[in-house]
Amino acid sequence: MNLSSDDFPCADNPRYVGHDVVGDIHGCTGSLIQLLGILGYVKKGGVFQYHNQSKPRQLVFLGDILDRGPKIREAILILREMVEAGSAQIIMGNHEYSALGYTTLIPDSRVPDGNSSTYVRAHNDSHTRSIQETLDQFANHPKDWSDTLRWLYDWPLVLQFKHFRVAHACWDSRLVKEFSTRRPDLTIDSQFLIESGDYRNFAGQFMNRTTRGVSLLLPDNQSMTSIDGYTRRTFRVKFWVDDAERYGDIEFQPDRLNPSLADQKVSVKEKDYLPFYGPEQRPLFVGHYWLEGTPAPLLKNIACLDYSAVKNGKLVAYRMNTETHLLAGNFVWVNAIN
Ligand SMILES: [Mn+2]
């Protein structure tokens, strides 16, 4: 990658005249193939490439290819061929980050009885449930699985292009800047992965915030049970609100806060903790948030492209050219056919 004017690695390859950014696939390979067709990508030499090779466009995938859906391995194989041929780039989502953590032992974590080694991501019921579909679908393809796990280390966590940026869930400028200094190719290695198991250090904060977004603790030890059955003691918030007054101004998740929580004031300490992506920054695309309804920008410079394909929603793309103000007419989608 080249350095752009602000010393940040630039992801543009001048060969491509524009980009098509695609949201969370989660094994919905049928929908992926349909969407690629609508966007004008056709198979050449076995690899999807833009049909007009005199004005080629490049795909950018926002991560969360793994888990949940019916054809996870097939999606990985298709994307890998595209990335290797240069017709696509891809960043890591929380499900890829989780897969690496789930399969990586913490060194020297073996206790004296010799049989309770610890993984970076603990093998508890909820973590196992989340990755089970992927493990099942790769069970008869162990080489594909080990190749995939190795390949995930090549996926950057964020990318900055001349006209836009991508991150799976959040772009926190301070953390991204430090990450690019420590890891100039914007990928992680196993050492960084292991460090990230501790949320108190930089690696943990960066990985968690970038791939899972920003959350606040519910007050007074309260918890919420989400639609998909997980109990949470935190709620997910917007990272583009400056000086938020109340929880209701920043909540950003399918399960709404109850009215008394929504009315609760954001504390000074919480305000300090929240990042802010300002309106003057270049357009940012994220996935991750299980949106529903008709795809549209969240703000003039932020769009989420995750419209819950794997829950029979939509698989969504945005046709990005050089605009600084995102356009509702540039969203393209298919109704998911799992
Ligand atoms: Mn996600």
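This is a predicted model: local features need pLDDT of at least 70, side-chain atom pairs count only at pLDDT 80 or more; totals for chains, interfaces and linings use all residues.
Begin by selecting Asp 20, Arg 57 and Arg 319, which are linked in a network of salt bridges.

**The charged network**

Keep Asp 20 and Arg 57 in view: in their salt bridge the closest N and O atoms are 3.1 Å apart. Asp 20 belongs to strand 3 (residues 18-22) and Arg 57 to strand 6, so the pair ties together parts that are 37 residues apart in sequence. Both Asp 20 and Arg 57 are buried. Side chains of opposite charge can pair when their charged atoms come close. Across the whole structure, a search finds 13 salt bridges.

**Two further salt bridges**

Select Asp 172 and Arg 209 next. This salt bridge has its closest N and O atoms 2.8 Å apart. Asp 172 sits in the loop between strand 9 (165-167) and helix 6 (173-182), while Arg 209 sits in helix 8 (residues 202-212), so the pair ties together parts that are 37 residues apart in sequence. Asp 172 and Arg 209 are both buried.

Then move to helix 5 (residues 142-152), where Asp 147 and Lys 143 both lie, 4 residues apart, about one turn of the helix. These two residues form a salt bridge, with the closest N and O atoms at 2.8 Å. Is Lys 143 buried or exposed? With a relative accessibility of 59%, Lys 143 counts as exposed.

**The manganese site**

Centre the view on the manganese ion and display its protein donors: Asp 64 (OD), Asn 94 (OD1), His 168 (NE2) and His 288 (ND1), which lie 2.1 to 2.2 Å from the ion. Along the chain, the donor residues follow the spacing D-x29-N-x73-H-x119-H. Asp 64 and His 288 link distant parts of the chain, 224 residues apart. Asp 64 is in the loop between strand 6 (57-61) and helix 2 (72-85), and His 288 is in the loop between strand 14 (284-286) and strand 15 (302-304).

Now show the open sheet of 4 strands, whose order is 8-9-14-15 and whose pairing is mixed. Its edge strands are strand 8 (158-160) and strand 15, each of which pairs on one side only. From one strand to the next, the twist averages 15°. Zoom in on strands 8 and 9, which run antiparallel and are joined by 3 bridges. Here Val 158 can be picked out opposite Ala 167 in strand 9.

**Two positive phi angles**

Finish with two backbone positions. Select His 26, in the loop between strand 3 and helix 1 (29-39). Phi of His 26 is near 45°, a positive value in a residue other than glycine. His 26 counts as buried, since its relative accessibility is 1%.

The last stop is Asn 312, found in the loop between strand 16 (306-307) and strand 17 (314-320). Asn 312 is not a glycine, yet its phi is positive, at about 60°. Its relative accessibility is 60%, so Asn 312 counts as exposed.

Definitions and conventions:
Residues are numbered from 1 along each chain as its sequence is written. Side-chain values use heavy atoms; hydrogens and water are left out. Donors are N, O and S atoms within 2.8 Å of the metal (3.2 Å for Na, K and Ca); water is not among the atoms, so sites may look incomplete. A salt bridge is a side-chain nitrogen of Lys or Arg within 4 Å of a carboxyl oxygen of Asp or Glu. Buried means under 20% relative accessible area, exposed over 50%, partly exposed in between (1.4 Å probe, protein chains only). Two strands pair if DSSP finds at least two bridges between them. Axes are lines fitted to C-alpha atoms, for helices over the stretch in contact, and angles run from 0 to 180 degrees between N-to-C directions.
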